[in-house]
Amino acid sequence: MDRRTFLRSSLGAIGAVGLTGLLARQAAYAASGTPISLVGNTSGGGLYHPNLAPLARTPLLRLPVGSVKASGWLQQQLSLQLAGLNGQMDTVSHFLDLSTTGWAVPSQVGWEEVPYWLRGYVDLGAITGDAHTVSTTASWIDAILATQASDGFFGPTSLRTSLGGGPDFWPYMPMMQVMRSYQEATGDSRIIPFMTAFYQYQSKQGPSAFNQSWASFRWATNLDSLWWLYNRTGDSFLLTLADTVHANGADYVDNLPTLHNVNLAQGFTEPAQYSLRDGGSSLLRASYQDYQLIMGSYGQFAGGGFAGDENCRPGYADPRQGFETCGIVEFMQSHQTLTRLTGDPTWADACELLAFNGLPAALDPQGKGTHYVSSPNCVQLDDYAKTQGQFDDGFALQAYMTGIDQYRCCPHNYGQGWTYFTDTLWLATADNGLAASMYAPCGVTANVGSGQSVTVTESTAYPFGETVTLTVTTGAAVSFPLYLRIPGWCSAPVVQVNGSAVAASSGPSWASVNRTWSNGDTVTVTLPMQTEVTTWTANHDSVSVSNGPLAYSLQIGENYLDMTGDTTWPTWEVYPTSAWNQGLVLNPVNPAASFTKSSTGATAANPFTQSGTPVQLTATAQAIANWTADDQNVVTTLQPSPVASAEPAHSVTLIPMGAARLRITSFPVIGSGGRPWQLPATPSASYCWSGDTVSALNSAYNPASSDDQSHPRFTWWNHLGTAEWVQYSYTGPVTVSAASVYWYDDTGSGQCRVPQSWTVQYLDSAGGWATVSGASGYGTATDTFNTVTFDAVTTTQLRLAVQLGSGVSGGILQWNVTAAQAVVTPGSWYRIRNQNSGLVLGVAGMSTADSADVVQYADNGTADHLWQFTDTGNGWFQITNRNSGLLLAVQSMSQADSAPVQQYQDNGSADHLWSLIDNGNGWYRIRNRNSGLVLGVAGMSTADSAQVVQFEDSGTADHLWQPVLSS
């Protein structure tokens, strides 16, 4: 039967649901893309193992591993992988010792590490042809095949009973993908009988082997291998086994059975996979709906990932949250699978977003280390645990390292990212053609038409350029259809064959060319890239910027520190050396016009690095002085836009997200009448009803009305007509000049009303509460912020004293304060005391010379112990010595750990700038702008004259300093 509109019937049912929110730029897409409509004869299902009955056929088919060879920048990434972790992991990871792993010696232990690693490694060898990789792969496969027992089980014997007394099938899922790849790449005749015997063993297990632990959430991977094997053997027991898997595994139909990020990234495709067996569209629709739910709840920022720093957590969707590296590559694989199963081009769009934006920065520029999570907004990558709930995991998860035990899964698993991406750049079609599903420099050799072999060479700078040129090489004229994906962001594609235009509609769609091809025929695909600005209403109306498939991030200076001294396998921490707390100034009529795209001139270097990126954007920004990292150096969460800023406007550079290891990708917007950025404060109250919370006072949103029920609130219910208060306590002194209150009033449904009266009070220097002077007026209007300005006061605590109306209660939805840190007073002199030693900052020998060492010393009252802070804007200070008139500086502008701190004349260099980071309780870290490192004492010494140095922010007491005002 000639099925010219392949799978249109099932996808038509999806259309009403659509892929709202499929791409990171969700606002731009309201429905799924136009699924591929095959123009040739599909009666045979394709040349590459189409699904056998009763499985539904798919419009697109995987080509054998190794059919696609990388070139250009993609080959460069694979070369980095060969020389980096994946290519050399067996020399680094103790889990990959062929003589001690249970995958080669069944009496030994083994779990997911070997299958994870081999999954990328086998394909890496097949794609690159690297002789060592190919040889090592063969050794591993031979050893694993030799472990198979008579009942079909293989590998570590302990896995027979490690899951509740029964077999743990999870690590066998990626291992079956290893075997598939190896068979496709080599044609090894041992693989199919080996897989068949194992699945016979699996089919004899009871429900408990399918409904527990990781396996229960990840059966989609198993189903894909079952279909692969069934299409080569026709063994009916494989269909029955698939039924068992679907019946007993976690239920993803209209349901997210887990919030673990990797489980979701793999598992949400299970309904779609089983729909090939089920034959209906409801299961396929379920995978679409699962994706919408994941991204709608946790994917509200650019780059294609979602907030899953281990587990997704309700209420934690800010772009500072991370996406596990395993999650990135598994999500990519899922998108590749769904592209093939459905022919829907938006899944390929989504895979490109992850490949170009999330994946590159999950690795250091050398490919020698990975980190556990990548965040769209991250301003420091260090090897220190974050213990305040910033991430779901409490261990250190951001530095780049081999991570064999600390990260464990990610460094073994990441290798599938670029290799599977390369494998699926081109797909076969059910009408014996080829489809360019994603774009990158490469070449593909495949059978088409009636079985003739052709090669298509793809020359392109995409995603950094707009043009893709395809050149056909064939020994004789051959007829076959060629399909070209038009991305969803492209509204005006141009496709030409030998210079003549062919039809192409706006994306997400496919353009098709069905003709007889001759040697040397050329197809040119031009995909004009426009700058787009997306507003993320679910993330405080922040914005992200994209151009084509690339998301763009603020370029932040990066200082790499190797924490091991191992030049072969370093552990990199990355510290910021420029201001990152920027809000964008946008054209109110056309936000996209706020950005200018330009070429950097870089051509040969790694394009996923700051120095190598060939493209950049420039824009106008203003700093947001109160937007800081927390005391563990994690960027604080976004607050509502627009934001007020008094800092000067200036130009900033944005670079592709994948080239930015430190980055701000979701930006606040600067706007007139905007809300001041709120300093962190601890709220408290005279009383709070048990059903409400004081934390609602500064939960950072703009209420829709005084009866807004969409967020948690604060009320004094059921106190009626009483005098009450709410209070903010700051960790250090702040200068306050205004307050804005959005009153809660549920007239018509409850007994809360705006108050009878209120005043602003502050804790004065005597420890009492004083009412501010010069107040402009205390409003009690509903459905708006009531703002009062007053004479500025410096305090550590602020109160609203409220008199409730007679017979009624009241509450507050949001309380904003216009405040700035007030650590030091301009023009005053300070001694700077070290917490660890109790000594103060001084200059060796009271020298007045350039480059004299700065030391700590007993406070003996000399002038070299006095320092003055000069505010240079956005929280940066020059620190001047009273005795010499010279500035606190770092020797030779060094960015290294332990570099000596000295005094030097004011020559405008960045190492003369320092910021004061509130650590609480009156102590501060003093951070250098040039290096991102903090002021400390060599060896944590407590001795007089010990050298003061800069050092990574490791949390030691010698990094804490207290400015003490000189009398």
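Predicted model: local features only at pLDDT ≥ 70, side-chain atom pairs only at ≥ 80, totals over all residues.
Residues are numbered from 1 along each chain as its sequence is written. Local features need pLDDT of at least 70 and side-chain atom pairs pLDDT 80 or more, while totals for chains, interfaces and linings use all residues, and side-chain values use heavy atoms, without hydrogens and water.

**Sheet**

Helices (H or I, at least four residues) and strands (E, at least two) are DSSP runs, numbered from the N terminus. Two strands pair if DSSP finds at least two bridges between them. Five strands form an open sheet with mixed pairing, in the order β1-β5-β6-β10-β13. Its edge strands, each pairing on one side only, are β1 (60–62) and β13 (509–517). Strand β10 (residues 478–486) runs antiparallel to β13 and is joined to it by nine bridges; leucine 482 has valine 513 in β13 as its bridge partner.

**Salt bridges**

A salt bridge is a side-chain nitrogen of Lys or Arg within 4 Å of a carboxyl oxygen of Asp or Glu. By this rule there are 20 salt bridges, among them the following.

| Pair | N to O distance |
|---|---|
| Glutamate 113, arginine 408 | 2.4 Å |
| Arginine 190, aspartate 142 | 2.8 Å |
| Arginine 320, aspartate 630 | 3.8 Å |

Buried means under 20% relative accessible area, exposed over 50%, and partly exposed in between (1.4 Å probe, protein chains only). Glutamate 113 is buried at 2%, whereas arginine 408 is partly exposed at 34%. Arginine 320 and aspartate 630 are both buried. Asp142, Asp188 and Arg190 are linked in a salt-bridge network.
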